[in-house]
Amino acid sequence: MGFKKISIDNYIELHLKNNPTENKADLERRLLSALKDYKNRVKCSCGNDIWVIGSASVGNSCFTCITGESSPTDDYEIEDAIKKRENRKGQRHIDDINPNEIHGLFDDDGYEINIDLIKKPSLCLTCLHNDDPNEELLCNLNRFDQQSEQEFNCFAYKKIDF
Ligand SMILES: [Zn+2]
């Protein structure tokens with residue numbers, strides 16, 4: 001079970017259809033504010049991630065604390081808040097790690113990047129830098145940054161002479 005993804009715009013449209021008296025600008029402002037809090041890792045008083053859509057009406061709380069149900073079934077959540085949650089499973093945040101143990105890569109939000117899960121683009125297989133331990137960190141950062149892109153670009157690419 002999980003949330004159904006919805007964009008902010010689509011959710012606002014849906015919500016206004018069901019609640020015609022709601023003020024659109026006000027709803028949007030509350031949703032954006034809850035989403036911002038979610039991204040800033042504001043938590044429910046019980047420690048869970050906040051449910052952005054519910055929090056926009058009743059204040060920052062998680063799904064369970066708002067609805068009393070253990071998990072969502074046909075409930076919506078703003079897509080930006082879901083994506084992050086799925087990708088973050090088991091990932092450690094830099095604030096939660098003993099400073100003496102911090103090494104490796106972290107993304108822009110401060111979450112640890114699991115290098116083993118970064119896909120290697122086929123371009124890398126014909127590159128001189130492939131499997132070069134000195135280049136590995138830069139290669140992985142570059143791959144990570146472009147994970148969601150259709151095409152992989154690399155300025156450090158050097159073709160192997162076969
Ligand atoms: Zn809670």
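This is a predicted model: local features need pLDDT of at least 70, side-chain atom pairs count only at pLDDT 80 or more; totals for chains, interfaces and linings use all residues.
Is Asp96 buried or exposed? Asp96 is exposed, because 10 other C-beta atoms lie within 10 Å.

Residues are numbered from 1 along each chain as its sequence is written.

## Overall layout

The chain has six helices and four strands. Helices are DSSP runs of H or I with at least four residues, strands are runs of E with at least two, and both are numbered from the N terminus. In order from the N terminus, the elements read β-α-α-α-α-β-α-β-β-α. The radius of gyration is 21 Å, well over the 15 Å that the globule rule gives for 162 residues, so the chain is more spread out than a compact globule. That radius is taken over C-alpha atoms, and the globule rule is 2.2 Å times the number of residues to the power 0.38.

The C-alpha trace spans about 70 × 35 × 30 Å along its principal axes. Buried residues make up 12% of the 162 residues. Of the contacts with a separation of 6 or more, 45% join residues 24 or more positions apart. A contact here means two C-beta atoms, placed from the backbone, within 7 Å.

The chain is divided into domain 1 (4–87) and domain 2 (94–145). These bounds come from an automatic or database domain assignment. The C-alpha centres of domain 1 and domain 2 lie 32 Å apart. Asp96 sits in the loop between helix 5 (79–87) and strand 3 (105–106). From Asp96 to Asn130, 34 residues along the chain, the C-alpha separation is 33 Å.

## The core and helix 2

The largest nonpolar core holds twelve residues, among them Tyr11, Leu31, Ala34, Tyr38, Trp51, Ala56, Phe63 and Ile78. Helix 2 and helix 3 are the elements that give two or more residues to this core. Such a core is a set of buried Ala, Val, Leu, Ile, Met, Phe, Trp, Tyr and Cys residues joined through C-beta atoms within 7 Å. Leaving aside residues up to four places away in sequence, Ala56 touches Leu27, Arg30, Leu31 and Ala34.

Which residues of helix 2 are buried? They are Leu31, Ala34 and Tyr38. Seen down the helix axis, the buried residues of helix 2 fall within an arc of 65°, so they line one face. The arc is that of the directions from the helix axis to the C-beta atoms. An α-helix has 3.6 residues a turn, so residues three or four places apart point the same way. The face of helix 2 turned away from the buried side carries the exposed residues Ala25, Asp26, Arg29 and Lys36.

The length of helix 2 agrees with expectation: at 1.5 Å a residue, its 16 residues should span 22 Å, and its end C-alpha atoms are 22 Å apart. The expected span is 1.5 Å times one less than the number of residues.

## Single residues

Most residues other than glycine have a negative phi. Arg41 lies in the loop between helix 2 (24–39) and helix 3 (52–58). Asp131 also has a positive phi, near 65°. Asp131 lies in the loop between strand 4 (112–113) and helix 6 (136–145).

Glu77 is in strand 2 (residues 76–78). Beyond residues up to four places away in sequence, Glu77 touches Phe3, Lys5, Trp51, Val52, Ile53 and Ile82. Glu77 and Phe3 are 74 residues apart along the chain, yet their C-alpha atoms are separated by 5.7 Å.

Thr67 is in helix 4 (residues 63–67). Thr67 and Gly54 are 13 residues apart in sequence and 8.6 Å apart in space, C-alpha to C-alpha.

| Residue | C-beta neighbours within 10 Å | Class |
|---|---|---|
| Glu77 | 22 neighbours | buried |
| Thr67 | 14 neighbours | partly exposed |
| Arg41 | 13 neighbours | partly exposed |

How values were computed: A residue is buried if 20 or more other C-beta atoms lie within 10 Å of its own, exposed if 12 or fewer, and partly exposed in between; C-beta atoms are placed from the backbone.
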